[in-house]
Amino acid sequence: MNQQTIVFLGPQGSGKGTQLQLLKEFFEKSDPTRTVLHFEMGATFRGFSGEEGYSQGLVKATLAQGQIQPDFLATALFGRTMLEHFKGSEHLLMDGYPRTRLQAQDFNSALSFYNLPAPLVLHLNLDEAAALERLHTRAREDDTEEALKQRLAWYQAQVVPTLDYFRANPLYTVREVNSAQSIEQVHADIVNIITAQ
């Protein structure tokens, strides 16, 4: 299988992390000679907030309040992951980055620098009511009702326009996935999209 660059986008609760993990396992079985580099923005921020330092403390405090982190820091942490872990031939799976136009422009420069294949963007569609219902079933401490609604509003304001940017950019291929379906059906749809390319 050719090297893949795949970006998962969708509102909180749409199952991005679950589907990315299933796709990672699919790649490991179907293409065992090529490793997978998985970048998850949320987990990366949480890991960073557990380190020592002034910036880390600021991130920890703002995460606890459910606030969105700044673009420059998202790009810096993505860059650190690539510099420390990317060896050149891996499938690259992205969860939660790039999510804004500014992040997308920085991501474009990474694609060019590393000569990565044109990205496939998988947009996991889920309406707000279904997203909130799913999010109430998990137990992250920063998932207060107000924080959840704030993040979903931010998704509409920032990420949806970024999807439009991807759709208008010939470098990207955007595919819609109905994430209101079962986990198994969503995974099957994603595999069909990838194998049909």
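Pro98 sits in the loop between β3 and α5 (101-114), where helices (H or I, at least four residues) and strands (E, at least two) are DSSP runs, numbered from the N terminus. The peptide bond leading from Tyr97 into Pro98 is cis, its omega being near -5 degrees. The model is a predicted one, in which local features need pLDDT of at least 70 and side-chain atom pairs count only at pLDDT 80 or more, while totals for chains, interfaces and linings use all residues. Residues are numbered from 1 along each chain as its sequence is written, and side-chain values use heavy atoms, with hydrogens and water left out.

Five strands form an open sheet in the order β2-β3-β1-β4-β5, with parallel pairing; two strands pair if DSSP finds at least two bridges between them. β2 (36-40) and β5 (173-178) are the edge strands, each pairing on one side only. On average, neighbouring strands of the sheet are turned by 20 degrees against each other, direction ignored. For such angles, axes are lines fitted to C-alpha atoms, for helices over the stretch in contact, and angles run from 0 to 180 degrees between N-to-C directions.

On the β3 side, Thr5 has Leu92 as its bridge partner, and Ile6 stands opposite Leu93. On the β4 side, Phe8 has Leu122 as its bridge partner. Five of the five residues of β1 are buried, so the strand is largely enclosed by the rest of the structure. Here buried means under 20% relative accessible area, exposed over 50% and partly exposed in between (1.4 Å probe, protein chains only). In a regular strand the side chains alternate between the two faces of the sheet. In β1 both faces are covered, with Thr5, Val7 and Leu9 buried on one side and Ile6 and Phe8 buried on the other.

Helix α1 (residues 16-30) packs on it, touching β1, β2, β3 and β4, and its direction makes about 170 degrees with that of β3; contact means heavy atoms within 4.5 Å. Helix α8 (residues 183-195) lies across β1, β4 and β5 and runs at about 155 degrees to β5.

Another helix pair is formed by α6 (residues 128-135) and α7 (residues 145-168), whose axes come within 11 Å and cross at roughly 140 degrees. That makes α6 oblique to α7, given that angles under 35 degrees count as roughly parallel, over 145 as roughly antiparallel, 65 to 115 as roughly perpendicular and the rest as oblique. Glu128, Ala131, Leu132 and Leu135 of α6 meet Leu148, Lys149 and Leu152 of α7.

Gln3, in the segment before β1, counts as buried at 17% relative accessibility. The C-alpha atoms of Gln3 and Glu90 are separated by 6.6 Å, although the two residues are 87 apart along the chain. Beyond its neighbours within four places in sequence, Gln3 is in contact with residues including Arg34, Phe86, His91 and Pro117. Asn115, in the loop between α5 and β4, is exposed, with a relative accessible area of 66%. Asn115 also has a positive phi of about 55 degrees although it is not a glycine.
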